[in-house]
Amino acid sequence: MSSPLSHQTATSVVDPLLHQTHDEAEATMQAQDTSIGGAGNRECCLVQIYPADVVDGMMLLSDHTLVMGRDGRCELILPDHSVSRKHAELIRGEDGYMIRDLASTNGTFVNGQAIDQHLLASGDTIRLGSFLFKYLSAGSVESQYHETVYTALTRDALTGTMNKRYLLESLQRGIASSSRQKTVLSVLMLDIDHFKSVNDTYGHLVGDEVLREFGSRINGVCREDDLLARYGGEEFCMMLSATGRSEAIEMAERCRSAVASEPFQTAVGPLEITASFGIACSDPEVPTSPKELIDAADQKLYEAKRGGRNRVCG
C-alpha cells in the first residue's frame, strides 16, 4: 500500500534524510527551507508514525483547510475502513491548526482523548482510525524532526514498545556481550491468548486498545535494563540481560500475573485477557544467533499454548 502522504498536497522530505548523517540532514533541511519559501521555519507539518511500514515523509501544511478521510476526494486520503469517508479536517488560524472531527464513525483522538475539535500544539499525536500522526508546529519542525523520525524507526507507535528491528539489533549486541562476559541472556516470547477472537468479536480498534494496555502492563513490570518489543501482531519479545533461567521464569510469572490480575478496560467494557510465555536462555560457551534464541523461546511458547494457555514454559 502506498503512503497517503504521497498525495499531491504533500511535500515529502523524510526519505532523503534517513540515509544521511545528522549534519548532512541539517544542511538538507536548511536547503529545503529555502526551496519551499522557508517552510521549515513558518509551516506546520504532519509526520505519519503508524502504520510504520508506510511512512513516506513529512507533510508540510500550507492550505487553509485540509480534509482527511477514506474518500478519494479528500486532500489527505487514508485508505482503510477504520477511517470514515470524510473523517476530520484541519483548519488554519492565527494560533496554528485546529482539528475538527467530521462526525466520523470511530472518532478523532488527540493524545489518546476523543475530541470534537481541538487546537493542536506541537508534539500532539493525532489518531484517525488505525493511522497515527505527529503534529509539529511552525518554528519547531527542524528541532523535533530528528527525534520524531528516530522514534518512528525504533518504536512501535501503537504500544510504545520497541519494534522488531530495534530488538534484533539489540539482541545481536546483547548475545555478543553475554558471550564476552560469560553471563546468561534470556529471551521471553509473549503472546496474547485468543487475540484473534477479540478482533473478530469486537473489531480492530478494541484489539488496538488491548494491545496498548498489554504493552503498558508489561512495561510496568520490566526492570530498567530489560527490553520489551512488539515482535508482530499480538506477539511480543523481551530481552533480559545477565538473567538466568530461574530469574527469567520469575519475571515471566510477574508479567503473566500483571496481565491476568484484572480485566482490560475497553470501549466495549472490561475484557478478561491472559497471555502465554516461552523462555529460552543463551549458553555463553555456545555460539548462537538472535533467530535461534527467538525460535527456541517460540517453541516453549507453543508448549504453553498447547498446555492450556495463561502459563509460562521455560
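Student: Hi! Which two strands form a hairpin with Gly129 in the turn?
Tutor: E10 and E11 do, with two residues between them, and Gly129 has a positive phi of about 60°. Strands here are DSSP runs of E, at least two residues, and helices are runs of H or I, at least four, numbered from the N terminus. This is a predicted model: local features need pLDDT of at least 70, side-chain atom pairs count only at pLDDT 80 or more, and totals for chains, interfaces and linings use all residues. Residues are numbered from 1 along each chain as its sequence is written, and side-chain values use heavy atoms, with hydrogens and water left out.

Student: How many bridges pair E10 with E11?
Tutor: Four, in the antiparallel sense; two strands pair if DSSP finds at least two bridges between them. Ile126 has Phe133 as its bridge partner in E11.

Student: And what stands opposite Phe133 in E11?
Tutor: Gln48 does. Strand E1 (residues 44-50) runs antiparallel to E11, joined by five bridges.

Student: How many residues of E11 are buried?
Tutor: Five of the six in residues 131-136. Buried means under 20% relative accessible area (1.4 Å probe, protein chains only).

Student: Switching to H8, which residues are buried there?
Tutor: Pro290, Leu293, Ile294, Ala297, Asp298, Leu301, Ala304 and Lys305. Seen down the axis of H8, they fall within an arc of 135°, so they line one face of the helix. That arc is taken from the directions from the helix axis to the C-beta atoms.

Student: What follows H8?
Tutor: Gly308, with a positive phi near 125°.

Technical notes. Buried means under 20% relative accessible area, exposed over 50%, partly exposed in between (1.4 Å probe, protein chains only).
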